[in-house]
Amino acid sequence: MKANFLSLRETELDPVFTALDQIVEKFLAVNKYPVLLFTGEMGAGKTTFIREWFSRYGTDSLINSPTFSLYNIYDSHKMRLYHFDLYRITSLLELENLGFEEIWGKEAVSAIEWWQKAESILPKGNRIFLTIQSDSIENRSYTIEWSDEDLV
């Protein structure tokens with residue numbers, strides 16, 4: 001399945017958030033933990049999107065980029081979110097030694113920036129792809145893709 005949201009400002013993301021909420025809730029309803037895979041160039045707004053999306057759940061967590069810590073954990077009354085940023089990872093061996101594959105798709109919801117570096121060790125199911133395309137300085141287009149086969 002695929003949903004497109006074209007040329008939105010940061011203040012116009014509610015339809016994207018609502019669509020993502022509905023998809024994540026469908027996964028959780030069948031006891032599956034989705035892995036949100038974020039694609040976008042440097043500065044496209046991946047961390048901003050995650051912060052704005054998850055802050056709507058009433059978290060007390062400070063949501064920021066885990067570029068240097070590699071991952072952060074955020075809690076809300078509704079769910080736990082593991083937020084990964086793999087930008088600084090230089091090899092698959094380094095990534096395997098961190099043991100993140102023990103979390104992805106196995107406990108809570110995961111959001112992964114620069115996920116392509118981990119493609120070979122990511123779970124094959126429970127994936128939700130979210131692509132952010134910069135249209136201009138202020139506008140972005142968003143695409144969400146997922147498989148309904150993962151929801152059974």
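Which residues do ring pairs link into a cluster? In this predicted model, the cluster is made up of Tyr71, Tyr82, Phe84, Phe100 and Trp104, joined by ring pairs.

**Overall fold**

The protein chain contains three helices and seven strands, which follow one another along the sequence in the pattern β-α-β-α-β-β-α-β-β-β. Its radius of gyration is 15 Å, close to the 15 Å that the globule rule gives for 152 residues, so the chain is as compact as a globular protein of that length. The C-alpha trace spans about 40 × 35 × 30 Å along its principal axes. Of the contacts between residues at least 6 apart in sequence, 61% join residues at least 24 apart.

**Surface and charge**

Buried residues account for 47% of the 152 in the protein chain, while the accessible surface comes to about 7800 Å², with 51% of that area belonging to carbon and sulfur atoms. The side chains include 15 positive and 23 negative ones, and the centres of these two sets lie 1 Å apart.

**Aromatic pairs**

A search of the whole structure finds 15 aromatic pairs. One of them is formed by Tyr82 and Phe84, a stacked pair with 6.3 Å from centre to centre and 20° between the planes.

| Residue | Relative accessible area | Class |
|---|---|---|
| Tyr82 | 5% | buried |
| Phe84 | 0% | buried |

Since buried means under 20% relative accessible area, Tyr82 at 5% falls within that class, and so does Phe84 at 0%.

Definitions and conventions
Residues numbered from 1 in each chain as written. Predicted model: local features only at pLDDT ≥ 70, side-chain atom pairs only at ≥ 80, totals over all residues. Heavy atoms only, no water. Helix = DSSP H or I, 4+ residues; strand = E, 2+ residues; numbered from the N terminus. Rg over C-alpha atoms; globule rule 2.2 N^0.38 Å. Buried < 20%, exposed > 50% of the residue type's maximum accessible area, 1.4 Å probe, protein only. Contact = heavy atoms within 4.5 Å. Areas by Shrake-Rupley, 256 points an atom, 1.4 Å probe, with all protein chains shown as cover. Lys, Arg positive; Asp, Glu negative; His and termini not counted. Charge placed at Lys NZ, Arg CZ, Asp CG, Glu CD. Phe/Tyr/Trp six-rings, centres within 6.5 Å; stacked < 30°, edge-to-face > 60°.
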